[in-house]
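Open your viewer and get your selection tool ready.

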Amino acid sequence: MTIEANYQRWADMPRSVSQVAEFEECPHKSWLKRVERVQPRPAAWSTHGTAFHTAAERFELGGREMSAEAAVSIFQDEYTKGISRDLEKVNDIDQWMRANRGTAADDLEERFEVGSRQTREYVEYVQEHAPVLWYPDGQRPAIELYFLADFGGVKVRGYIDQVVKNKDGSNRVRDLKTGSTKSKVQLWVYEMALNQIYPEQEATNGDWYLAKAGKVSRPVKLSDADQDEIIERIVQMDQGVKAGDFPAKPGFGCRFCDVSHACSFRR
């Protein structure tokens with residue numbers, strides 16, 4: 001596809017929390033990734049997170065009958081396949097992104113071990129605490145629950161890792177994190193979207209399952225959110241894209257940008 005076609009396709013598509021966050025961080029980064037289609041540098045942390053989510057999803061959808069060993073095996077298989085795919089794209093591991101001070105090769109090995117441990121601990125957490133999953137249709141639990149909602153006239157879509165029940169019967173959105181937590185806005189958007197789509201089943205809060213600690217975070221209450229401000233941020237991002245306004249914001253964040261190798265503004 002041409003750059004013009006890529007841009008038009010992106011301008012017309014629904015937004016997501018990750019799109020908004022990326023655009024607010026650096027509009028030019030969004031342009032490089034979504035319009036010029038620059039190949040991002042691989043990062044083992046991304047494959048780590050994806051493999052963990054896959055293992056947790058299969059464990060949950062299997063009625064939680066899977067053993068911890070079987071779940072760990074799924075993580076390891078998915079992680080190995082994901083790393084292999086990325087090596088086909090960028091064979092020089094030294095060009096990969098990494099979060100620690102060691103080599104990229106060390107990072108790959110460490111995340112295999114850490115992810116295996118985190119997967120085992122997730123199964124053990126669920127077995128001990130037995131969080132009650134919500135069944136929106138009475139048949140399938142709310143795992144990787146897709147939504148498409150309206151925020152100030154802008155369509156926003158996404159997938160919610162899990163929706164669990166609070167003790168009072170209300171819903172709580174849950175996001176699984178193998179790394180650090182993100183902005184509360186992500187959970188608030190999910191809660192707001194659920195309340196649009198399922199107004200009879202109120203979502204009042206959200207939290208993160210923190211794989212590093214093997215436990216959930218404190219709840220993030222929807223009542224603490226400035227919903228008008230959240231909507232305005234989404235609208236402004238959408239307007240910026242449609243106006244073709246993609247200024248660069250060079251700075252500290254360039255160190256962690258996966259398309260900085262194609263950016264003439266990087267620092």
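The structure holds one cavity of 30 Å³ or more; on a 1 Å grid over the protein atoms alone, a cavity is a set of points where a 1.4 Å probe fits but cannot get out. This is a predicted model, in which local features need pLDDT of at least 70, side-chain atom pairs count only at pLDDT 80 or more, and totals for chains, interfaces and linings use all residues. Residues are numbered from 1 along each chain as its sequence is written, and side-chain values use heavy atoms, leaving out hydrogens and water.

The largest cavity has a volume of about 50 Å³, a volume being the space filled by probe spheres set on the grid points, which are joined across faces, edges and corners. To see its lining (residues with an atom within 4 Å of a point), select His-53, Ala-56, Glu-57, Glu-60, Ile-143, Glu-144, Asp-161, Gln-162 and Leu-176. Helix H4 (44-61), strand E1 (143-151) and strand E2 (154-165) each give two or more residues, and H4 supplies the largest share, with four. Helices (H or I, at least four residues) and strands (E, at least two) are DSSP runs, numbered from the N terminus.

**Stop two: a helix pair**

Now select H2 (residues 17-25) and H3 (residues 27-34), which pack at an angle of about 125° with their axes 5 Å apart. Axes are lines fitted to C-alpha atoms, for helices over the stretch in contact, and angles run from 0 to 180 degrees between N-to-C directions.

Notes
1 Å grid on protein atoms, 1.4 Å probe; cavity = no way out; pocket = protein on both sides within 12 Å on 5 of 7 lines; lining within 4 Å.
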